[in-house]
Amino acid sequence: MSFAEPVLAHWLLVVTSLVAFVVLGLALAQRPWRLLLADTGLQHRWLAATVAVLLMWQLRAQAVDWLTLHLMFTALLVLVFKAPLALLSLLLVNLAMVVTGRVDWTLLGINLLVTGVMPALTMVIIWRLVDRFLPDNLMVFLFVCGFFGAALSSLAAGLAAVGLMRLGANDAYALYQALEYARFLPLLMPSEAFITGMLLSILLVYHPGWVATFNDHRYIDTK
């Protein structure tokens with residue numbers, strides 16, 4: 001989900017943009033492009049995934065004038081490429097939405113925060129917990145990260161959008177719509193979880209080396 005019209009106070013748009021781009025700057029400080037430059041195959045996969053996500057974002061429902069609902073694929077991008085490259089992909093996707101006129105440019109920062117930073121942070125936390133505390137089991141990784149993690153990432157994005165509306169909505173009716181929308185979040189989570197889990201399971205079966213957060217030696221070779 002993402003904002004389609006500026007229904008938030010100007011100061012909140014500025015603050016959320018600052019937060020989003022600070023986090024993006026911290027991610028880019030890790031120089032993720034070094035991996036891209038060193039691996040031609042990774043370049044192709046990353047660019048293909050970015051374009052695919054951009055195309056999938058075109059399949060969206062206009063819930064209300066100011067809000068669109070669509071699959072984000074943020075959790076899958078984080079699992080496959082790790083957070084820095086995932087956030088860079090989502091920045092390019094959100095920029096493309098602005099350039100094509102689908103979204104107002106003032107919403108770039110807040111949409112990056114809602115569709116990128118919040119779900120990516122949630123996915124990173126879940127992955128770290130699985131990596132550190134849960135058994136080295138392929139199905140544990142797949143279900144906890146791929147399905148459960150994607151669902152929670154979608155929830156985090158939805159709650160962030162609703163929370164921002166509650167904090168700085170400049171339209172009382174839009175705020176009412178946001179609170180009503182929050183009641184349907186549990187119905188939107190399974191779709192993100194199913195698509196992410198399905199695609200992740202295909203990658204783990206056929207190309208486990210493509211999933212950057214998955215250690216195939218640890219989860220497969222040692223079993």
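User: Where does arginine 31 lie?
Analyst: This is a predicted model, where local features need pLDDT of at least 70, side-chain atom pairs count only at pLDDT 80 or more, and totals for chains, interfaces and linings use all residues. Residues are numbered from 1 along each chain as its sequence is written, and side-chain values use heavy atoms, with hydrogens and water left out. Helices here are DSSP runs of H or I with at least four residues, strands are E runs of at least two, and both are numbered from the N terminus. Arginine 31 sits in the loop between α1 and α2 (33-38).

User: Is arginine 31 buried, partly exposed or exposed?
Analyst: Buried means under 20% relative accessible area, exposed means over 50%, and partly exposed is in between (1.4 Å probe, protein chains only). Arginine 31 has 47% relative accessibility, so it counts as partly exposed.

User: What is the phi of arginine 31?
Analyst: Most residues other than glycine have a negative phi. Arginine 31 is not a glycine, yet its phi is positive, at about 55°.

User: What phi does lysine 82 have, and where is its place?
Analyst: Lysine 82 is in the loop between α4 (74-81) and α5 (83-99). With a relative accessible area of 37%, lysine 82 is partly exposed. Lysine 82 is not a glycine, but its phi is positive, at about 75°.

User: Which backbone oxygen does the side chain of threonine 16 reach?
Analyst: Threonine 16 is in helix α1 (residues 10-28). Its relative accessibility is 3%, so threonine 16 counts as buried. Contact means heavy atoms within 4.5 Å, and threonine 16 touches Gly109, Ile110, Leu113 and Leu164, not counting residues up to four places away in sequence. At 2.8 Å, the side chain of threonine 16 reaches the backbone oxygen of leucine 12.

User: How does α6 pass α7?
Analyst: Two packed helices are described by the angle between their axes and the distance between the axes. Axes are lines fitted to C-alpha atoms, for helices over the stretch in contact, with angles from 0 to 180 degrees between N-to-C directions. The axes of α6 (residues 108-133) and α7 come within 8 Å and cross at roughly 145°. A crossing is left-handed if the near helix is turned anticlockwise from the far one by less than a right angle, and right-handed if clockwise; that of α6 and α7 is right-handed.

User: How do the residues of the contact of α6 with α7 divide?
Analyst: Ala, Val, Leu, Ile, Met, Phe, Trp, Tyr, Cys and Pro count as nonpolar, Asp, Glu, Lys and Arg as charged, and the others, Gly among them, as polar. The contact of α6 with α7 divides into 19 nonpolar, three polar and no charged residues.

User: Are α7 and α8 roughly parallel or roughly antiparallel?
Analyst: Helix α7 (residues 138-168) and helix α8 (residues 172-182) pack at about 155°, with axes 9 Å apart. Angles under 35 degrees count as roughly parallel, over 145 as roughly antiparallel, 65 to 115 as roughly perpendicular and the rest as oblique. α7 and α8 are therefore roughly antiparallel.

Terms used. A polar contact is a pair of N or O atoms within 3.5 Å; within protein, one must be able to donate a hydrogen and the other to accept it, and residues adjacent in sequence count only if both atoms are side-chain atoms.
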